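The paragraphs below go through a predicted model. They take up helix packing and then the nonpolar core.

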Amino acid sequence: MLEALVIIFAIVTIGSFSWGLRGHFRAPDGMPKGMQALTAVSGLAGLLLVFLTLRNGVELPETLGFVAMSLLALSLFWWAVETTRRRPPHVAHSGKDPDTLYEDGPYAYVRHPFYLAYCLFWVGSAIAVGGHQWLVAAFLVIWYYVTSRREETHFLRSSMAGSYSEYRRRTGMILPKVHRIRHR
């Protein structure tokens, strides 16, 4: 029963993220190699999660932690989709110059809400099954961090550099700035 819950939430969350890749983000020149690699690694991480869930089973506290993290990830992901629906961002690793600065919705708290959603899910997956999944989660979190840093350099070299610098000063990159949450 608990194993089925983990697998269902994994399928729904990874399915949402996969939909975003094809159905939301802009990729006019096709899928960049870096995004193809990230998709492959994420797919393998998802398979490892299912394998470890079925092989080792899961306990109630870890399952509840995973479900909570998945629900947070899904909520944040779909909030970010709704916020960017009129002008979706370019797919990661595209190298495209940014053409929109989002500052409302989840972007009022973090500059990269999609990456935060992905990180929440993968950390939740590690909570669920432990072991090697922690290494996978750490690897993916680092990948998202490095990618977000790279994307920020594109903003800082664009015509939006001044606006982005101000936005950056007041908003957390992947984690919210605590003082901003207290004063909202």
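Helix 1 and helix 3 are roughly parallel to each other, because their packing angle of about 20 degrees falls under the 35 degrees that sets the limit for that description. On the helix 1 side the contact includes Leu 2, Leu 5, Phe 9, Phe 17 and Trp 19; among the residues they meet in helix 3 are Leu 60, Phe 66, Leu 74, Phe 77 and Trp 78. Sorted by class, this contact of helix 1 with helix 3 holds 17 nonpolar and 5 polar residues, with no charged ones.

A second pairing joins helix 2 and helix 4. Their axes come within 10 Å and cross at roughly 25 degrees, which makes helix 2 roughly parallel to helix 4. This crossing is left-handed. Helix 2 contributes Ser 42, Ala 45, Gly 46, Leu 49, Leu 52 and Thr 53 to the contact, and helix 4 contributes Phe 121, Trp 122, Ser 125 and Val 129. These residues divide into 6 nonpolar and 4 polar, and none is charged.

The largest nonpolar core has 50 residues, of which Phe 66, Phe 114, Tyr 118, Phe 121 and Tyr 144 touch the most other members. At least two core residues come from each of helix 1, helix 2 (33-56), helix 3, helix 4 (113-129), helix 5 (132-156) and helix 6 (161-170). Helix 4 supplies the largest share, 12 residues. Leaving aside residues up to four places away in sequence, Tyr 118 touches Phe 17, Phe 25, Phe 77 and Tyr 144.

Key: Residues are numbered from 1 along each chain as its sequence is written. This is a predicted model: local features need pLDDT of at least 70, side-chain atom pairs count only at pLDDT 80 or more; totals for chains, interfaces and linings use all residues. Side-chain values use heavy atoms; hydrogens and water are left out. Axes are lines fitted to C-alpha atoms, for helices over the stretch in contact, and angles run from 0 to 180 degrees between N-to-C directions. Helices (H or I, at least four residues) and strands (E, at least two) are DSSP runs, numbered from the N terminus. Angles under 35 degrees count as roughly parallel, over 145 as roughly antiparallel, 65 to 115 as roughly perpendicular and the rest as oblique. Contact means heavy atoms within 4.5 Å. Ala, Val, Leu, Ile, Met, Phe, Trp, Tyr, Cys and Pro count as nonpolar, Asp, Glu, Lys and Arg as charged, and the others, Gly among them, as polar. A nonpolar core is a set of buried Ala, Val, Leu, Ile, Met, Phe, Trp, Tyr and Cys residues joined through side-chain atoms within 4.5 Å. Buried means under 20% relative accessible area, exposed over 50%, partly exposed in between (1.4 Å probe, protein chains only). A crossing is left-handed if the near helix is turned anticlockwise from the far one by less than a right angle, and right-handed if clockwise.
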